[in-house]
Amino acid sequence: MSQNPFDALGGAGGLDLGALLQQAQQMQDQLQSAQQSLAEATVDGTVAGGAVTVTVTGAGELTAVTISPDALDGTDAEALADLGDLVVAAFRDARAKVDELAEQMLGPLAGGLPDLGGLPGLGGPGPASGQLGF
């Protein structure tokens with residue numbers, strides 16, 4: 001039987017906290033870089049064959065609305081309400097594309113820390129935070 005109670009945490013050398021912290025810093029740097037790239041990205045949402053196009057940033061900010069002349073069939077209240085519906089639908093299309101882009105850019109980074117073998121509070125199964133594990 002081993003005299004070192006920390007052998008189970010990573011072999012004879014124990015848990016390499018320096019390497020773990022370095023890995024966490026690298027993951028944080030990658031996440032920040034991906035978030036910055038996402039914030040700088042823009043996507044277009046279109047509806048009705050391009051009758052209405054909106055541009056949205058990766059942060060979800062609406063930056064432009066383009067309405068083709070063909071989208072304006074009239075100036076009565078019903079036609080304008082339809083145009084408003086098209087703008088909303090184009091915005092929803094753009095937001096769905098932003099969500100897809102965010103998943104592509106941030107998804108691989110969302111995995112978090114590796115399972116640390118059941119250590120409480122560090123990603124593994126174990127007693128809930130604040131509970132003693134005896």
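Some ground rules to begin with. Residues are numbered from 1 along each chain as its sequence is written, and side-chain values use heavy atoms, leaving out hydrogens and water. Because the model is predicted, local features need pLDDT of at least 70 and side-chain atom pairs count only at pLDDT 80 or more, while totals for chains, interfaces and linings use all residues.

Let's start with the sheet. Helices (H or I, at least four residues) and strands (E, at least two) are DSSP runs, numbered from the N terminus. Three strands form an open sheet in the order β1-β2-β3, with antiparallel pairing; two strands pair if DSSP finds at least two bridges between them. In general, strands of a sheet pair through backbone hydrogen bonds, either parallel or antiparallel. The edges here are β1 (42-47) and β3 (62-67), each pairing on one side only. From one strand to the next, the twist averages 15 degrees.

Now the pairs themselves. β1 is joined to β2 (residues 52-57) by six bridges, and threonine 46 stands opposite threonine 53 in β2. Between β2 and β3 there are five bridges, with threonine 55 partnered by alanine 64 of β3. β2 and β3 make a hairpin with four residues between them, and glycine 60 in that turn has a positive phi of about 90 degrees.

What packs on the sheet? Helix α2 does, touching β1, β2 and β3, and its direction makes about 140 degrees with that of β1. Angles run from 0 to 180 degrees between N-to-C directions, and axes are lines fitted to C-alpha atoms, for helices over the stretch in contact.

On to the two helices. The axes of α1 (residues 17-40) and α2 (residues 77-106) come within 10 Å and cross at roughly 155 degrees. That makes α1 roughly antiparallel to α2, the term for angles over 145 degrees. Contact means heavy atoms within 4.5 Å; the residues making it include Leu31 and Leu38 of α1, and Leu101 and Met105 of α2.

Last, the salt bridge, meaning a side-chain nitrogen of Lys or Arg within 4 Å of a carboxyl oxygen of Asp or Glu. The count is one: aspartate 93 with lysine 97, their closest N and O atoms 3.4 Å apart. Both residues lie in α2, four residues apart, about one turn of the helix.

Terms used:
Angles under 35 degrees count as roughly parallel, over 145 as roughly antiparallel, 65 to 115 as roughly perpendicular and the rest as oblique.
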